[in-house]
Each structure stands twice: as structure tokens, then as C-alpha cells.
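Here are my notes on this one, point by point. Have the model open while you read.

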Amino acid sequence: MTHYPIRRAQLIAPFGVGAMMVVQDGISLITGGLDHWFKREDGSSNSQEIDKDKFRVEEWRLQQMLRVEHFCLPPDFRDAGEIVCNKYLKIPFLRFPQWHFCPSCKYLFQIPLTARGRIKCPECEAKKKRWYLAQVPFVAMCVRGHIQDFPWRQWVHGSIQPVCNKNMRIIATGGSSLGAQKVVCDCGAERTLAQITYAKPNGMETELSNNLDKAGTKYLCQGKRPWLGSDDNASCDHPMRGSLRNASNLYYSDVKSAIYLPRSNSDVPSNLALLLEEPPLSVLINILSSTGKEIRAADLRSQQRQLLSSFSDTQIGGALKIVLSRSATGTDLPHSKVTSDDPETAFRREEFDTLRKSRDDELLIIRSTNLDGYGLDFSKYFSRIMLINKLRETRAFAGFTRVFPENPMPLEERKAMLRLSPPTEEDNWLPAYIVHGEGIFIELNEKWLQTWEKREDVLQRVTPLIERYDLLEEKGKVRKKPIGPRFILLHTLSHLVMNRLTFECGYSSASLRERLYVSEDTNSPMAGLLIYTAAGDSEGTMGGLVRMGKPGNLEPVIQQALIGARWCSADPVCMEMGERGGQGPESCNLAACHNCSLVPETACEEFNRLLDRAIVVGKVDDRKLGYFDVGSLI
């Protein structure tokens, strides 16, 4: 029996369902579907031994957004002590790719998904030699998320339905390109792997699909889902493309996150609402709700009297109304509705409106600062700086993509890829984990921002970038979202400040994250950014980031970030690239490169796209282009 360790957070990203990883023995595995996450290895799920409610996580806004009943923490492995419940739970992984080759005789062998450990080559073993099989380095995938073994037999015979079943070998002929690798069948057929990974820019024409069959029939996706452990195929007619199994575009986790917003009002304390949102009371409420009867305070008190002893029946009744509504209705949270907001913007607006005001709740502590206490003419460029002493973020795994980081697949289709069978209503969950941390919320001066973003030179600067993004959107490579000078400014400023903070406090660049709040609605605009850090500990982090946001500490950070942005170590090339076609992923950056503006991809919401230093601090020959007059801040 083979076991390998993995952190729970890694099962959200980067090794969620459908992802591939290589373990200590050099074996490549694919993470199994959610159907078997809370089952024994033999498939049993005895409720006496497994209590899934112990892993239950509630996040009311995220549940509403992703249309699930609840979330679950990935199960941790327990094998010690007198614990009876939830022992020996493991996450299923399957062996993939299934095709293996022998480093000695080069023969190809297909091994079952469930095979474990290192496997000896049967051909060499028959000759009393001991060689272990290695997995082939190539797989095939499509933009809809399906993945399968590379079609070795079909490729070498140039036919979608070959009749030959003889042994095949993979041979390296002594070169560094794919053309130097060839597949040879004992029947005499052979073919190189040249161009198997090639695809046209539109993504709908690939070498593998167009040229596998020499008769001209297209080889299309068969809807293979090996992570579900089944040979059942989903319907799919997209072209297949070859890929190295360690390619960076083989898998992208779709992680949705939310900052927890406490729900309370003058009659209901926030800690009571939080108590009802978490086990064991959340489990009890769900059970009572399923009966269809009205839930009374006495029903909860009869089961959890000690937990509720400090609250009155009136308070409990009010909290029940709030929790069962799964909305901000009846609470003191701002819940303005803006007709121009898309769902993502509306989701962020709730956080934006909350972060702008001081709060002192158990899981969200916000302190306001006096803007006049900051130097360097801060009030001209910023309208509000808030210090978030404590926050809770829930990060949920909502699916994955292949080939491109984003695609237009509907949410329900992505969720369906995670399971072999559709879940029941009460078992409709997604994996998630919770982190606690701190942050700095910065809001730009709306009056100055609106004046700046309407200038002709600013619009002219960002137009090529917007057009490139719109073209990617038409091709289905990115999701639809409004892009303008405001968004690019906030995003680039966020990166510049994060990079500078790594020099000023003890956090690494990968420890910091950004969260952007952008809307160009004339009546309810948003222009804010949250830079925060979060850790798995329930107490969060140690306050270093909040301290950097206080008057006297933040000014040098902003100042040095802007001064550093005026000249990149790759200039003049970096700045000129912005004017001559762009740079970075899909050419979706202007003056922004690894030397000046990029951050680790885990810290960025946009995969390091839509960045431009010139929008922030201007160009060498036109400093007035930027939102900030750096000269006045020195």
C-alpha cells in the first residue's frame, strides 16, 4: 500500500482535482474526483466511523456565488491515539499517464490507473534483467479540460482505428526537438513526434487533430476523465493537442475567494451569527431546515444549551433569520445594488463598502486612519486608507481549466467535471480552506481619478491593451470584464506596492496577495485595492503589514515604489515594448516586466496581465501621463 504526503491547501491549488503531480518515487499521479474524498479505500463510508460534518465550512457569500450547500476542508490523515472517528481518510490519486516505457528495451506498456509502486519491465525481466518502467512524458488534452494518454498506436499507424496490436517502442534519435523522438511498431510502422504540441493561435486547429489520421479524418477529443477513475467518456468534439505532462498550461485551478463579512444588527451580535454559521449549530440548523418546519430558539437551545447560554431567545431568533436568508438583508452590512454591476463586481462591492468603515468583530477588525496624518500630499491621490488588523478569507476550489487560464465554460459544467455522479442537494459541496490575516486597504481619490482617466493621452495609451484583451475575449481565452485606465492603474499600483513591501517588512512576495475593487459606474464608482497576507493559523499573522500602513511608515513605501517604477533595469526596452506591441502573457502588458512590475502568480488576480508603469508614473519623455506626479512626492 503506497502513501504520499500532501498539504491540505495544495489540494485547492495547485494540486486540486484533475491536477498531476510527481511523488517521491518519480511516479506521476492525477488527483481523484470528489466522489471518494470522504470514503475508505475500499469505498465504504460508514457514518459511525466517518463524520463529514467535522470538515464542514460555511461562507455565506461564497456559497451563494458558487451555488453549493456548504464547503468542506480536505480531510487530514489521522492514525494515532484513541480517536475513532475520521481515522485513515486519504485523498485518492490515480496513476497517470498509463503508458510507460522501459529505459532499456524502449518498449511501451499500458498500466492500469490503480497500479501502485514501481513496476518492472516484463520484457527485460524475461531476459533476467531488472529495469523499472518510466511513464511517458507526453499526454493529450483539450480546452474543455479533458485529458488522456497520448494516442501512440493511432499516431504511429496514421489511423484513428488501427488494426495492428503489436508492441511499440519509443526511441530517441539524438536531438533536442520532438522530431528526434519517434514511435516504432514491430509491424514496421514508424513516425516522429514532430509538431504534436503545435496549435494555431485560435486554439481550434491543432497538429494532433488535423494530421494524426493520414486519410484526413480529424482526431477529436473523446471526453476522457481519468481523474474520476472511470472509462466513461463525456461528450466532446474539441481538437486535441499534445503536451508534455509537466507543461505549465496543463492545469489551472479555478479558485474563488471571499473576505468574511460578519452579519449583525442592533439586536443580533456578530458573534452569535458566526456561531450559527459554524458546526455544530450549522449542522443542526440544516437538519431542522430539511424537515420544512419553522426553527425556534428552543429547538437549538435543547441541543446546544451551553453554547447559547449567553443569548436571549429574541437574539437567537433574529440570528436565525439572518443565517437562513443567506444574504445581507436585515443586517448592518451595506448592500447597495448597482444595476451596471456584473456578478463579480457586485460580489466585490459588498466587500468594498464594508472595508471603507471601521469595524470591531471577532473575524474582521478594521481601523480607520487620519489621511491628514500622512505626508507627501497623500490627500490629492488617496481618499481613504484603512488598516485591517484581522480578516478571514475562504478559498474554494470551483473547477479547473487546461490550455488557457480562463475559458467560457459555465460554472455548473466546471463543477460537473469534479464528480462522476451528480451530488444530492445536501451533498452539494466543494473543497475549501480558511486562512486568517491582515491587510491595508487603499482607496484612490475619485475626483482626481475621474479627471485623469478622461484625458485623451491616457485613453490613447491604454487603447491597444484594451483591444488585445477584447480579442482574447472573443477567442474564449479570457473571461469578460470591463478594462480601462482605472483598472490598469490600480492593478499596476498594487504590484509596485507589493514588491516594495517585501523590502520593508518580513513577508516574501509570495506571502502577499492583492484584491482589486474597480467599477466605472458614474453614480457608484469603485477604486480600491486590498493588499493582505494570510496564513492557516487561527490567529492570522503578526501585524507587520498593518504597521507598515500607519502614518510615517506608508509614505516611504509608496514613495520608493513610485520612484523605482520610473526607471526599470530593463529600460529603455521595457518602456518601448509597451509602445511596440506589448509584452508578457498574450502581449497583455505594456511597460511591465519581471524587473519592475510582475509578482508571483499566486499573488496576482490576473495572471500578471494588464499592467503598465507609464499609467502610474508616466514615460521618460512625458511624466505628466501618469496618475502620480512623482516629483511632488519626493
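**Notes on the model**

1. Let's start with helix α14, which is mostly covered: 16 of its 20 residues are buried. Buried here means under 20% relative accessible area, exposed means over 50%, and partly exposed is in between (1.4 Å probe, protein chains only). Helices are DSSP runs of H or I with at least four residues, strands are runs of E with at least two, and both are numbered from the N terminus.

2. Some housekeeping before going further: this is a predicted model, so local features need pLDDT of at least 70 and side-chain atom pairs count only at pLDDT 80 or more, while totals for chains, interfaces and linings use all residues. Residues are numbered from 1 along each chain as its sequence is written, and side-chain values use heavy atoms, with hydrogens and water left out.

3. Back to α14, which runs over residues 485–504. Its end C-alpha atoms are 28 Å apart, and that agrees with the 28 Å that 20 residues should span at 1.5 Å a residue (the expected span is 1.5 Å times one less than the number of residues).

4. A salt bridge is a side-chain nitrogen of Lys or Arg within 4 Å of a carboxyl oxygen of Asp or Glu. E446 pairs with R486, with the closest N and O atoms 2.6 Å apart. That pair links distant parts of the chain, since E446 sits in helix α12 (residues 446–453) and R486 in α14, 40 residues apart. Both E446 and R486 are buried.

5. The other pair is E504 with R500, at 3.1 Å from N to O. These two are four residues apart in α14, so about one helical turn separates them. An α-helix has 3.6 residues a turn, so residues three or four places apart point the same way. E504 is partly exposed at 34% relative accessible area, and R500 is partly exposed at 23%.

6. Which parts does the salt bridge between E350 and R61 tie together? The side chains meet at 2.7 Å, N to O. E350 belongs to helix α9 (residues 343–355) and R61 to helix α1 (residues 60–66), so the pair joins parts that are 289 residues apart in sequence. E350 and R61 are both buried. Over the whole structure, the search finds 37 salt bridges, and E406, R479, K481, E606 and R609 are linked in a network of them.

7. Next, V184 in strand β12 (residues 181–185). At 9% relative accessibility, V184 counts as buried. Leaving aside residues up to four places away in sequence, V184 touches V156, N167, M168, R169, I171, A189 and E190, where contact means heavy atoms within 4.5 Å.

8. Now the spaces. On a 1 Å grid over the protein atoms alone, a cavity is a set of points where a 1.4 Å probe fits but cannot get out; a pocket is an open set with protein on both sides within 12 Å along at least five of seven lines, and lining residues have an atom within 4 Å of a point. Grid points are joined across faces, edges and corners, and a volume is the space filled by probe spheres set on the points.

9. The second largest pocket holds about 1000 Å³. Of its 38 lining residues, E41, K90, I91, P92 and F93 lie nearest the centre. Strand β5 (residues 93–95) gives the most to this lining, with three residues.

10. There is one cavity of 30 Å³ or more, and the largest cavity has about 40 Å³ of space. Its lining consists of Y260, P262, S270, N271, L274, D361, E362 and L363.
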